[in-house]
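Please read the following account with the sequence and the model side by side.

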Amino acid sequence: MTLKPLLTALSSALLGISLYTSPVIAHAEHHHDTDSHIVVNNAQVRVFLPASKSSVGYFNLVNQGDNAVTLTKASIENLGRVEVHEHQHVNGMMKMNKVDSLKIKAHSQIDFKPGGYHLMVFEPKEPLKVGQELKLTLYFSDGNRVFTQAKVVSLESQAEQAEQSKQHHMHH
Ligand SMILES: [Cu+2]
């Protein structure tokens with residue numbers, strides 16, 4: 001009579017428990033795994049504008065793994081300081097905050113782009129030149145590092161790309 005609903009409730013409770021515990025087990029198994037499942041696409045750094053002490057960098061970060069990863073730091077060849085920033089709307093005003101750890105969920109991606117997450121770069125050892133490629137390193141909380149080449153772009157080409165991606169998104 002009431003046995004079937006009870007079994008259903010019981011099995012979903014068990015299922016809930018197994019779903020809850022499995023990420024912990026997976027984490028233990030992957031603790032020494034250096035294969036990262038992290039892909040960085042389209043990394044770019046804008047040239048410094050005249051008299052400006054900082055510039056910005058963008059990329060697309062994909063976590064193809066079964067576990068969340070946490071980005072803790074970034075560095076770029078030839079740049080003395082790189083910070084991870086986010087833009088936030090606070091009381092109708094756009095504010096930038098430095099981010100010390102950024103979690104990327106399993107099987108998800110984060111776009112570093114104008115108005116969102118971005119890299120703020122400072123202290124170039126030599127002036128950046130359009131077309132140059134600089135090694136970008138991303139550091140994760142599990143000790144993993146991911147390398148990519150970031151292309152140095154002009155303000156114009158970056159603005160154009162941002163406009164194109166805006167239009168692209170509007171068509172959907
Ligand atoms: Cu910033």
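**Surface, fold and metal site**

The protein exposes about 11400 Å², of which carbon and sulfur atoms supply 57%; accessible areas come from the Shrake-Rupley method with a 1.4 Å probe, and for residues only the protein chains shown count as cover. This is a predicted model, in which local features need pLDDT of at least 70 and side-chain atom pairs count only at pLDDT 80 or more, whereas totals for chains, interfaces and linings use all residues. Residues are numbered from 1 along each chain as its sequence is written, and side-chain values use heavy atoms, with hydrogens and water left out.

Two helices and 10 strands are found in the protein, where helices (H or I, at least four residues) and strands (E, at least two) are DSSP runs numbered from the N terminus. Along the sequence these elements follow the pattern α-β-β-β-β-β-β-β-β-β-β-α. Of the 172 residues in the protein, 34% are buried, a term that here means under 20% relative accessible area, with exposed meaning over 50% and partly exposed in between (1.4 Å probe, protein chains only). Among the contacts in the protein with a separation of 6 or more, 68% are made by residues 24 or more positions apart, a contact being heavy atoms within 4.5 Å.

Strands are said to pair if DSSP finds at least two bridges between them, and β2 pairs with β1 in the antiparallel sense over six bridges, valine 39 having valine 62 in β2 as its bridge partner. Five bridges join β2 to strand β7 (residues 108–112), again in an antiparallel arrangement, and here leucine 61 stands opposite isoleucine 110 in β7.

Six bridges join β8 to strand β4 (residues 79–90), the two running antiparallel, and leucine 79 has proline 124 in β8 as its bridge partner. Valine 84 lies in β4 and counts as buried, at 6% relative accessibility. Leaving aside neighbours within four places in sequence, valine 84 is in contact with Leu71, Asn97, Lys98, Val99, Phe112, His118 and Leu119; the C-alpha atoms of valine 84 and valine 99, which are 15 residues apart along the chain, are separated by 5.4 Å.

Which residues coordinate the copper ion? The ligands are His85 (ND1), Met96 (SD), His118 (NE2) and Met120 (SD), at 2.1 to 2.3 Å, where donors are N, O and S atoms within 2.8 Å of the metal (3.2 Å for Na, K and Ca), and sites may look incomplete because water is not among the atoms. The pair of methionine 96 in strand β5 (residues 93–98) and methionine 120 in strand β8 links distant parts of the chain, 24 residues apart. Methionine 96 is partly exposed, with a relative accessible area of 39%, whereas methionine 120 is buried, at 9%. The four donor atoms subtend angles of 94 to 121° around the copper ion, which makes the arrangement tetrahedral, a label given to four donors if all angles lie between 85 and 135 degrees.

Two residues call for a check of the backbone. Most residues other than glycine have a negative phi. Asparagine 42, however, has a positive phi of about 50°; this residue lies in strand β1 (residues 38–46) and is exposed, with a relative accessible area of 55%. Glutamate 123 has a positive phi near 55°, lies in strand β8 and is partly exposed, with a relative accessible area of 44%.

Serine 154, finally, lies in the loop between β10 (145–153) and α2 (155–170), and is buried, with a relative accessible area of 18%. Not counting residues up to four places away in sequence, serine 154 touches Arg46, Val47 and Val130.

Definitions and conventions. Four donors count as tetrahedral if all angles lie between 85 and 135 degrees; four count as square planar and six as octahedral if opposite donors are over 155 degrees apart and all others between 65 and 115; anything else is irregular.
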